[in-house]
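Here is a brief report on one protein model.

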Amino acid sequence: MKSNLQFDNISLDGDDRLMDALLREHARVGSHADEGFLTRLASFLDEECESPGIAISPAATVKRPSHRLAWSLGLAATVALAAGLIWQSQRAGPSAGCRLVQQSERRGMALLTDFPPELIEGTPKAMSVPNLVNAPDQAPVFFVPQGTALLSRGKKVTSSDDNPIIGSLDLITDGDKQAGEGYFVELLDGLQWVQIDLEKSTAIHAIWLWHYHSQRRAYHDVIVQISNDPEFKTGFTTVYNNDYDNSAKFGVGRDNPYVESRFGLLVDGKGTKGRYVRLYSNGNTSNEMNHYIEVEVYGIPSK
Ligand SMILES: [Ca+2]
Ligand SMILES: [Ca+2]
């Protein structure tokens, strides 16, 4: 069996690191080969991993209902796992593959999304921000409970600035994350928020956001909150806050300011229940305006 993924630059000494590296590799190359992987996964696991307690099932494109686990892993994670199993089998025998399956079951489902191409334009500007985290060169790896899904696509967005200078609020949940003209909304200067209405209260496990990534810059006072109150008056939970000097008055944030990139910022929702997600910012290191290209909210769909 042959994998289309390349592992030349992956050096590993444990199953956890192997899984992380595989998921990053999958995120890097995209998901064009998913179906082939799934087919090979089913075939491989039939042969190599026979313990009934850790039996694997491929995702929907491969009809093997007797295989339980991989069905719940989700397509993308399964593809990465398949690649890992195939690769690992050539290296350490079938037991290593089975260990990966067990590990995946314990950690949940890998959260993967599509990334826009890199498009850096213009002259870089100085970023004078303490504890600034540089732009990553690869996608984050994050696990969420089985059944977690994207809930925000096409959902209504409101804002403290309801008449944006450039673009429109619906760009934030339209699924397009490209940089450049026509893909971002620009809001007024100062502390501004955008808010997504998920229409139902649900357990939120991740918020993935892209401000403006055509230039290396950092946005100030990035704060993410969840509430069941559209006004956020009767209570809310703050799941991310990098306002290091408390200028936004929600308390000093413990998260570090970061440089925007095509990989966005992935925030742990911690299973917080709520219908509304509100995101703050207060200008950026290049100018005083606020921008969004896309926000994704992931959670368990309400029944
Ligand atoms: Ca968009
Ligand atoms: Ca601040």
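## Overall contacts

Of the contacts in the protein between residues at least 6 apart in sequence, 74% join residues at least 24 apart. Two residues are in contact if their C-beta atoms, placed from the backbone, lie within 7 Å. This is a predicted model: local features need pLDDT of at least 70, side-chain atom pairs count only at pLDDT 80 or more, and totals for chains, interfaces and linings use all residues. Residues are numbered from 1 along each chain as its sequence is written, while chains are lettered from A and ligands numbered from 1 in the order in which they are written.

The protein has five helices and eleven strands. These are DSSP runs, numbered from the N terminus: helices are H or I with at least four residues, strands are E with at least two. Buried residues account for 42% of the 303 residues. Buried means 20 or more other C-beta atoms within 10 Å of the residue's own, with C-beta atoms placed from the backbone.

## Strand β9

Strand β9 spans residues 265–281, and twelve of its 17 residues are buried.

| Partner of β9 | Bridges | Opposite residues |
|---|---|---|
| β6 (residues 192–210) | 13 bridges | Thr202 and Gly274 |
| β7 (residues 223–227) | five bridges | Ile226 and Val277 |

## Phe184

Phe184 sits in the loop between β4 (157–159) and β5 (185–187). Phe184 counts as buried because it has 24 C-beta neighbours inside 10 Å. Leaving aside neighbours within four places in sequence, its contacts include Gly167, Tyr212 and His291. Leu171 is also in contact with Phe184. Their C-alpha atoms are 6.6 Å apart, at 13 residues along the chain.

How values were computed. Two strands pair if DSSP finds at least two bridges between them.
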